[in-house]
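Take a look at the protein shown here. This report walks through its overall build, its charged pairs and one part of its surface.

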Amino acid sequence: MPDAPQRTERYTHGHHASVLRAHSWRTVDNSAAYLAPHLRPGLDVLDVGSGPGTITVDIGRRVAPGRVVGLDAAADVVGQATALAESEGLRNVEFTSGDAYALDFPDDSFDIVHAHQVLQHLGDPVAALREMRRVTRPGGIVAARDVIYLSASWYPLLPGLAEWMRIYQGVAHSNGGDPNAGRALKALAHEAGFSDVTSTASIWCFSGREDREWWGGAWAERAVASSFAPQSIEAGVATLADLQAVSDAWTAWVDDDDAWFSMPHGEIIARV
């Protein structure tokens, strides 16, 4: 057999505490509402790219006694997610480390395979979707949701936030991913061999003080303290001064009572 293709993508966000705090906000209601009607007791679910596990655990509550497996490439994050499931007393939820391109499960293992904000970080999202399809039972679904960064909109129109977008696009592409993958999910699913694909969209919107502190406060720290900073410099798209200006802009955005931010996402339900 020929050697497997070499993939060089790198996860743009990393696992700094500021990133994990942001990701821990996610639930089915705010990040996978399109999937909620398909969740029912007794289904077996694989959550690819489960991160700190908050969506996975929420799925676990909804499909119990069905089995839910959360899979992530980072072993330390798997440990954090495992602790969350244990603290919630969910015995039907487990977490493991693994590779989205080579899922360590037999064919037809799950009723639902879910991936939230995963495909945008992959150099070959079609290959990952094919692998998700392989482990999904006939009649089951593969569900994916990804952001469209270029369609994000905000107020006030701070120059530092425009710089943030420029830098983010550059870093994400340099890392081998597509920060706007949400707009192409239907096409990617078709290329992966799915013929029955339902495509929808939804928006995160941050405006109130608490939401601004969560989103903008996280990015004020991430811009200078997470792996986003060295990756930006390595890619040649930003300097430390640029990143500090971005951080300062996010802080100013948080403090503005008129501030508003929206992030559109594409979603697919692909039937096997």
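What follows starts with the whole chain and then turns to single residues.

**Overall build**

Keep in mind that this is a predicted model. The protein's secondary structure comes to ten helices and eight strands. Along its principal axes, the C-alpha trace spans about 50 × 45 × 35 Å. How does the radius of gyration fit a compact globule? With 272 residues, such a globule would have a value near 19 Å, and the protein has 18 Å, which agrees.

Buried residues make up 53% of the 272 residues. The protein exposes about 11600 Å². Carbon and sulfur atoms supply 52% of that area. Contacts tell another part of the story. Take contacts between residues at least 6 apart in sequence: 80% of them join residues at least 24 apart.

**An annotated span**

The UniProt record, an unreviewed entry, carries the annotation "domain: Methyltransferase" for residues 41-166. Such annotations may be inferred rather than shown by experiment. In the model, this span is 33% helix and 29% strand. The C-alpha atoms at the ends of residues 41-166 lie 44 Å apart.

**Charged pairs**

Side chains of opposite charge can pair when their charged atoms come close. A salt bridge here needs a side-chain nitrogen of Lys or Arg within 4 Å of a carboxyl oxygen of Asp or Glu. By this rule the count comes to 14 salt bridges.

Asp44 lies in the loop between helix 2 (28-31) and strand 1 (45-48), and Arg137 lies in strand 5 (residues 136-147), so the pair ties together parts that are 93 residues apart in sequence. Are these two residues buried or exposed? Asp44 has 17% relative accessibility, so Asp44 counts as buried. Arg137 has 25%, so Arg137 counts as partly exposed. The cut-off for buried is under 20%.

Glu131 is buried at 12% relative accessibility. Arg134 is partly exposed at 25%.

Asp255 sits in the loop between helix 10 (240-254) and strand 8 (260-271), while Arg209 belongs to helix 8 (residues 209-225), so the pair ties together parts that are 46 residues apart in sequence. Arg209 is partly exposed, with a relative accessible area of 37%.

Salt bridges can also share partners. Which residues does this join into one network? They are Asp29, Asp58, Arg61, Arg62 and Glu88.

**A nonpolar patch**

Finally, turn to the surface. Tyr155, Leu157 and Trp260 form a nonpolar patch there. Together they have about 360 Å² of accessible area. Tyr155 is found in strand 6 (residues 153-155). With 48% relative accessibility, Tyr155 counts as partly exposed.

Notes: Residues are numbered from 1 along each chain as its sequence is written. This is a predicted model: local features need pLDDT of at least 70, side-chain atom pairs count only at pLDDT 80 or more; totals for chains, interfaces and linings use all residues. Side-chain values use heavy atoms; hydrogens and water are left out. Helices (H or I, at least four residues) and strands (E, at least two) are DSSP runs, numbered from the N terminus. Buried means under 20% relative accessible area, exposed over 50%, partly exposed in between (1.4 Å probe, protein chains only). Patches are made of residues with over 30% relative accessible area and no salt bridge: like charges are joined within 9 Å, nonpolar side chains (Val, Leu, Ile, Met, Phe, Trp, Tyr) within 5 Å. Accessible areas come from the Shrake-Rupley method with a 1.4 Å probe; for residues, only the protein chains shown count as cover. The radius of gyration is taken over C-alpha atoms; the globule rule is 2.2 Å times the number of residues to the power 0.38. Contact means heavy atoms within 4.5 Å.
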